[in-house]
Structures are given as C-alpha cells and as structure tokens.
Amino acid sequence: MSSGTDHSAYYVPENGWYPVWVALAIFLMLGGGAVWLNDLKAGDEPNITLTLIGLVLLAVVLFAWFAKVIEENQQGLYSPQLNRSFVWGMGWFIFSEVMFFAAFFGALFYARHFVLSWLGGEGDKAITGEYLWPEFEAVWPVVSNPDPSVFTNPGESMASPGVASWGGYLPFWNTVILLTSSVTVHFAHTAIKDQQRTKLLSWLGLTVLLGIAFLILQVEEYIHAYQELGLTLSSGIYGSTFFLLTGFHGFHVTLGTFMLMVMLFRAFKNHFKPEDCFGFESASWYWHFVDVVWLCLFFFVYVF
Amino acid sequence: MSEVIDASHDHHDHHGPAAGLARWLFTTNHKDIGTLYLWFAFLMLLIGGTMALIIRAELFQPGLQFVAPEFFNQMTTNHGLIMVFGAIMPAFVGLANWLVPMMVGAPDMALPRMNNLSFWILPFAFGMLISTLFMEAGGPNFGWTFYAPLSTTYAPETVTFFIFGVHMMGASSIMGSINIIATILNMRAPGMTLMKMPLFVWTWLITAYLLLAVMPVLAGAVTMMLFDIHFGTSFFNAAGGGDPVMFQHIFWFFGHPEVYIMILPAFGIVSAIIPTFARKPLFGYDSMVYATASIAFLSFIVWAHHMFTVGMPLAGQLFFMYSTMLIAIPTGVKVFNWVATMWQGSMTFETPMLFAIAFVVLFTIGGFSGLMLAITPVDYQYHDTYFVVAHFHYVLVPGALFSIIAAVYYWLPKWCGRMYDEKLGKLHFWLSFIGVNVTFFPQHFSGLAGMPRRIPDYALQFADFNMISSCGAFIFGFSQLLLMYIVIKAIRSGQPATDRVWEGAHGLEWTLPSPAPYHSFTEPPKITDADAHS
Ligand SMILES: [Cu+2]
C-alpha cells in the first residue's frame with residue numbers, strides 16, 4: 001500500500017458537464033419509474049415516457065463521458081498514479097457489489113434456516129407457526145406456502161435433480177459456460193500482455209459469445225419456470241429469493257457482457273497496450289466477479 | 001483545456017475557478033465540491049430542524065394542537081431521514097472533501113469527476129424525497145427505520161419515491177467513499193505513511209469502508225421492499241414464507257454501522273482540535289487508530305441490540321448484548337485519550353475547543369445511555385421510549401453535529417482566509433450547549449417513566465418534561481441561524497487569518513496559505529515530523 005513514487009505530474013481533469021447530467025438522468029429514470037409503478041399498481045394508464053427519456057439521456061451522457069476518458073488516456077495525459085486510482089476505484093466498486101448480493105444471500109439463509117423452521121413449528125419461535133398455520137410443513141424448497149390463498153403455490157421448484165442427471169439440467173450447463181468464459185477472458189488478457197492481436201480478438205470474442213449464450217439459456221429457464229412450472233415472483237419465498245438472486249445476477253451478466261463488447265470494439269481499434277489496459281482489466285475483473293457470484297448461486301440456490 | 005500540474009513549472013495562476021453557476025454545476029475541484037456538500041447539509045439541517053420544531057411544538061402540551069397525527073408521523077419519519085442522510089452524512093463528506101487532500105498533501109481528490117457526480121445526485125434524491133410531502137398520499141410515515149410491513153403492505157404509495165431516493169443516496173455514498181479510499185491510499189505525498197496520517201484521515205478511511213460494506217445492504221433491503229410492494233414477492237410477509245423480522249435484521253445490519261459512519265469522522269475532528277488548544281500532541285495516537293478499527297469491526301456484529309423486544313432466540317439476545325457492551329472498551333480508550341491530551345495542557349477555550357470539549361462530555365453521556373440500552377432485560381423497559389430518543393440524540397446532536405460545527409469554526413479561516421467573530425462564536429456555543437441539554441436531558445426521564453416515542457399526544461404525567469424539552473428545542477433550533485450569520489459574516493468581512501491560524505495547530509493543511517489555493521498541493525510537500533499527525 002505504498003503511496004507510489006510517480007508524483008512528478010498530477011492530473012486534474014477539466015470541469016465537466018457529464019456528472020450533473022448523469023444525476024439528472026438518474027432522477028428522471030427513477031422518478032419516472034416510481035410514477036409508472038404506482039400507476040400500474042393503482043390500475044391507471046401507465047406512462048413510461050419519463051423513464052425512457054432518463055434512460056436514453058443516461059446512455060448518451062455515459063457514452064460521452066467514457067469516450068472522453070478514453071480519449072484523454074490515448075493522449076497520454078494519465079499518470080500511473082491516476083491509473084492506480086482507477087484500479088482502487090473499480091476494486092472497491094466490485095466489493096460494494098458483493099455486499100449487494102450479500103443482502104439477498106443473507107435473506108435466503110435467514111428464510112431457509114430460521115423462518116422456515118419457526119413457521120413449521122420448531123425452534124425458539126415455533127409458536128408463530130403453531131398459532132398461524134399449524135398445517136404448514138417446513139420443507140425447502142417451499143412448494144406449498146403457509147397461506148396459499150395469498151401467495152399461490154408454485155407447481156415445482158428449480159432444485160437440482162442430483163448429479164447423475166446434470167446432463168439435462170440447464171443451470172449446470174450455465175455453470176460450465178460461465179466458468180469457461182472466465183478462462184477465455186483470462187487468455188484474452190494474456191494475449192494483450194503478449195501483444196498478439198488476433199488471439200486477443202478471438203478469445204475476447206469467444207467470451208462475449210459465451211456471455212450471450214448464458215443469457216439466452218437464462219431467459220429459456222425463466223420461460224420454463226413461468227409457463228411450465230408455475231414458478232413466479234409471487235409464488236412465495238422460494239420464488240422471491242430465486243428470481244431476485246438469479247435475476248440480479250443475470251442483470252450483472254448483461255452489464256458485464258456489454259462491457260466486454262465495448263472492450264472487443266476497443267481491441268479492434270488497438271487501444272490496449274501491455275502496460276496500459278486498465279479498461280480491459282476492469283471489465284475482466286467484473287466478469288470474474290459475476291462468475292464467482294454464479295458459483296455461489298449454483299450451490300446455494302440450485303444444488304443445496 | 002485539461003490541465004497537467006507539473007511540479008517543475010508553476011501553473012498556479014491560470015486555473016482558478018470557472019465563472020458563475022457553471023463553476024458549481026461542473027466543478028471537479030475538491031474545495032468547490034466540499035463547499036457544495038457543506039451548504040447542502042446546512043440547508044437540510046434547517047429543513048430537518050423545521051420538522052423537529054413542528055414535532056416539538058405539537059408535543060409542547062398534551063392533546064392535539066397543531067398537526068394531524070398522520071402528518072406528525074410524516075414529520076418524525078422525514079426529520080430522521082433528512083438529518084441522517086441529508087445533514088450529518090453530507091456534512092462529513094463535505095469536510096472530507098475539503099480536508100483530506102490538504103491533509104495528505106494531494107492536489108485534489110483521486111477521482112474528481114465522480115466526486116462531482118456524488119454530490120449532484122443528492123439534491124435530486126432529496127428533491128424526490130421531500131416532494132412526497134406535497135403529494136396527495138402524503139410522504140413516508142413509517143419512521144426513519146421503515147420497518148415492514150408498515151413500509152410495505154400499509155405504506156402510502158409515495159414509498160416508491162422513497163425507495164428510489166434511498167437508492168440514489170446510496171449510490172452517492174458509495175461513489176463518495178470509493179473516492180475517499182482512493183485518495184487516501186493512492187494520493188498521499190511521499191513520506192506520509194499510514195501511521196503519520198492525521199486521525200481525521202484515518203477515521204474517514206475506516207468510515208469509507210463501513211459505507212462500502214453497508215450501503216449496498218441498505219440498497220438490497222429497499223429493493224426487497226420494492227419487489228414486495230410492486231411485484232408480489234414475499235420477503236417480509238410470513239404468509240409466503242418470509243418474515244417481517246427479517247427486514248429488521250437486514251435494516252440494522254446496515255443501521256448499526258451507519259451510526260458509526262456518523263460518529264467516527266467526529267472522533268477524527270475532535271482528535272485534531274483538542275491537541276491544538278491543549279498545545280500538546282494527541283495522547284495515544286496509535287491506540288486511537290486501533291480503537292477506531294475495533295469499533296468499526298464490532299459495529300458489524302451488534303445489530304440486533306435494536307431488536308431485543310422483537311422475539312429473538314435467547315442465544316441471540318445474549319450474544320448481541322455482550323458484543324454491544326464490548327464497544328464500550330475502544331470507545332473508553334478514545335475518551336480517556338482525549339482527556340489525557342488535555343491533562344496539564346496549556347488550554348485556551350476558543351469556540352472550536354468549546355464545541356470539542358462539549359462533544360467529549362455529552363457524547364460520553366450518550367455512550368453511557370447506550371450501554372444501559374445494551375442490557376437486554378433493561379431494554380425491555382426502555383425500548384421504543386423517549387429514553388432511546390434521548391440516547392441517540394445525545395450521540396448525534398452534541399456528538400456528530402457539534403463536531404461538525406467545531407470543524408467549521410476550526411477550519412473556516414483556512415477555507416476562506418478570514419476569522420469568524422469569536423464573541424459571537426462563544427454565544428452560539430452557549431446557546432447550543434444549553435439548548436441541546438434542555439431539549440434532550442428531560443427526555444431520559446419521560447422515557448424511563450414510560451413515554452413512547454413517535455406519538456403526537458401523551459399522558460398528562462409527561463407534560464412538564466415535554467414542555468421543558470420543547471423550550472430547549474426552540475432555543476437550539478434558532479441559535480443555528482446565528483451560526484449561519486457568523487459564517488457569512490466571516491466570509492464577507494472577517495479579519496484576515498494567518499496561514500497557521502491557531503498557534504498550536506499541526507498538520508499539512510496549516511502550511512498552505514489562508515485561504516488555501518484552488519489546487520491544494522501542486523507539488524508533493526515534504527513531510528516533517530512537525531507536520532505529521534497532531
Ligand atoms: Cu446499534
């Protein structure tokens with residue numbers, strides 16, 4: 001954790017219009033989103049215009065912002081010190097993402113370990129279950145809810161059928177895909193270090209394809225859950241934890257794939273040098289993070 | 001034009017601030033952004049304070065006088081949210097912006113554009129939150145802790161705006177803390193080793209980690225609420241296998257570290273001010289660092305002391321009681337060190353020192369009532385009474401807020417190059433000191449006697465305590481207008497300040513001219529022992 005040695009030139013970026021517009025865009029997107037959700041709930045005619053304006057504005061401004069940063073870097077304005085600041089920034093951003101998932105994993109563990117047994121009439125707070133829903137049976141995955149008149153029971157869960165039949169089990173193949181993609185993105189990184197352009201492009205391209213394949217299978221799985229298993233967001237705690245955990249993970253895979261696509265585009269333009277490829281590295285760290293989260297998901301949501 | 005600040009040339013003059021409104025909207029300068037944060041926090045203090053005075057006016061006498069109970073609930077909720085997320089936290093971030101680069105010998109924050117974004121999200125977030133008060137359904141009314149199902153099944157529809165507002169505040173805090181971490185770990189001048197950093201920098205470093213660890217959890221909590229409300233999930237509904245108590249666990253996993261987020265930087269401020277006016281180095285610097293780190297660690301394993309009466313397994317109650325009481329040890333180390341720093345010092349009592357000493361005394365009172373609340377069986381009586389209100393207001397008002405005010409008096413001459421009016425400063429201190437105690441001390445008694453919190457009306461036997469409390473609140477509230485007057489007067493017509501400002505002051509920021517130049521250090525300063533931590 002040394003403070004570094006390169007202090008000969010500090011870089012302080014010029015004033016910029018980007019941040020304040022990002023703030024405005026987020027405001028429009030979320031404020032519009034709240035209006036839209038409330039209208040939906042109240043059964044009024046929902047209007048999504050404001051959200052879309054916010055989204056488009058956000059995309060445009062972020063594009064301009066990142067383009068500017070890349071341009072400044074290409075001009076050689078950035079010092080190794082500033083690059084280290086970017087590294088710290090990305091690293092701790094990923095840590096905060098880990099904590100976001102920790103909240104949902106925490107909810108999953110608490111619901112499975114404590115709530116389930118209490119509602120089933122066992123343990124310290126057993127009286128809750130005895131008193132409210134004496135006929136509720138505590139089994140995970142919860143396929144019959146304490147009060148099925150409020151939360152419709154799912155037909156089936158997504159739980160793993162046992163290792164022997166993983167050959168036909170979609171989440172297993174998604175695990176294989178994502179693990180492979182972590183390796184391919186690593187090969188792409190090695191290719192930058194070895195200055196082998198073709199290798200970089202092919203490994204990175206393959207990673208992007210694997211990311212897209214994962215997402216397609218995930219959509220497939222959701223359609224299967226909704227249409228054939230009757231497993232939805234509103235089918236009780238199992239559906240709630242399942243869809244929020246896998247859904248937010250899928251959202252992060254989407255972001256990660258997008259980042260990698262941008263990096264692929266930049267690789268075509270020869271942006272990366274062995275000693276200066278922070279943009280690529282941050283995207284690949286993000287990809288590894290998404291991979292690790294999936295492993296936790298696969299074990300705690302699907303297998304156990 | 002982009003600027004490269006090169007040590008070998010003096011570029012000093014041709015990059016001052018831009019002109020007009022653009023300066024504030026587009027700035028990437030840590031001092032401008034610090035100023036924005038501080039004025040924003042002060043505005044929020046006035047808004048949240050107005051809500052507090054509405055509450056105290058209603059409670060001046062038993063019965064319903066001024067506001068409807070529904071509106072009263074909106075006032076308690078928004079008062080809490082605005083003070084925590086809008087006043088105290090942004091004020092500390094503002095101080096970090098102003099001070100951390102100067103204290104570690106850096107030209108600016110590590111990521112200046114993101115710094116601007118962190119700030120500008122806040123006015124939008126609070127605009128969204130406050131606007132709900134003017135909507136037909138009324139604003140959030142479920143308390144600042146927004147327990148489910150009050151905040152889900154039974155919430156007004158404006159809860160959706162509240163949820164997105166919290167998301168925005170969280171994003172702002174996360175980006176702010178990433179920036180502070182990168183600045184501290186990466187931008188220190190050569191020779192500024194970690195154990196030479198001023199304690200304000202240390203406490204902010206640790207606070208930034210707390211923020212990074214818990215703000216995402218808060219985001220997770222409100223996201224689950226959002227899905228329970230709009231998408232039919234059952235995280236906090238037992239009929240679907242969820243649990244409203246689970247909400248409290250997740251919330252307080254965020255909430256307890258949050259209270260340290262609001263007090264650790266205060267420890268850093270007081271640790272800077274007391275040595276200056278005691279004219280002695282800080283007693284036990286190393287132990288201060290370790291105590292801060294211990295408090296931060298413990299803050300993650302004590303959360304359920306807020307939930308003793310909710311129905312928890314006995315083992316849980318015992319664990320959370322003992323772990324909470326452990327916090328008294330590092331906190332005691334700190335209080336001991338402050339007192340030992342003053343011991344046999346040649347003390348003077350300028351306004352920042354008065355606020356700092358008041359901090360030590362009154363924060364300790366708040367700490368002790370916290371210790372009382374940590375005792376599980378005793379908490380059964382205190383829970384959700386005015387005793388709790390008295391406790392956390394003692395740590396937040398004469399604790400966090402006093403430290404912020406002390407910091408403003410202490411560093412204002414460095415910021416604007418002019419001194420404040422010492423006589424008026426002392427007047428402000430005594431009005432605040434008396435006001436705060438008259439407001440919150442009687443609440444210990446009404447709480448012990450059983451007065452519940454968050455109610456617009458109360459039984460007759462609590463009338464005297466409440467009347468006294470309301471008088472104190474109005475004294476305290478209006479004396480903060482005096483602070484505004486003092487600060488503006490200093491900026492416009494104060495006596496010019498010297499570079500060192502206070503004869504006993506140590507640290508890099510005092511080696512800069514007053515007012516400090518637009519870019520703090522254009523070349524890395526040499527760290528002498530005298531400039532290392534005070
Ligand atoms: Cu606590």
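A residue is called buried here when its relative accessible area is under 20%, exposed when it is over 50%, and partly exposed in between (1.4 Å probe, protein chains only). With that in hand, let us walk through the structure, starting with chain A. Of its 304 residues, 51% count as buried. This is a predicted model, in which local features need pLDDT of at least 70 and side-chain atom pairs count only at pLDDT 80 or more, while totals for chains, interfaces and linings use all residues. Residues are numbered from 1 along each chain as its sequence is written, chains are lettered from A and ligands numbered from 1 in the order in which they are written, and side-chain values use heavy atoms, with hydrogens and water left out.

Chain A is built from eight helices and one strand, where helices (H or I, at least four residues) and strands (E, at least two) are DSSP runs numbered from the N terminus. Along the sequence the order is β-α-α-α-α-α-α-α-α. The C-alpha atoms of chain A occupy a box of roughly 70 × 50 × 40 Å along the principal axes. Taking a contact to be heavy atoms within 4.5 Å, and looking at contacts in chain A between residues at least 6 apart in sequence, 71% join residues at least 24 apart.

A:V303 is partly exposed, at 26% relative accessibility. Leaving aside residues up to four places away in sequence, A:V303 touches A:S160, A:W166 and A:F298.

Now turn to the meeting of the two chains. Here 81 residues of chain B are in contact with 73 residues of chain A. The buried area, meaning the accessible area (1.4 Å probe) that two parts lose on being put together, summed over both, is about 6600 Å² between these chains, and carbon and sulfur atoms give 71% of that area. One salt bridge is counted between chain B and chain A, a salt bridge being a side-chain nitrogen of Lys or Arg within 4 Å of a carboxyl oxygen of Asp or Glu. The partners are B:R113 and A:E72, at 2.7 Å from N to O. On the side of chain B that touches chain A, α6(B) gives the largest share, with 13 residues.

Chain B also holds a copper ion, coordinated by B:H256 (ND1), B:H305 (NE2) and B:H306 (NE2) at 1.7 to 2.0 Å. Donors are N, O and S atoms within 2.8 Å of the metal (3.2 Å for Na, K and Ca), and water is not among the atoms, so sites may look incomplete. In sequence, the donor residues are spaced H-x48-H-H. B:H305 counts as buried at 11% relative accessibility, whereas B:H306 is partly exposed at 21%.

Over all chains, the salt bridges come to seven. Among them is the pair B:D32 and B:R23, with the closest N and O atoms 2.6 Å apart; B:D32 is buried, with a relative accessible area of 2%, and B:R23 is partly exposed at 22%. Another joins B:E422 and B:K426 at 3.5 Å, N to O. These two are separated by about one helical turn, because they lie four residues apart in helix α15 of chain B.
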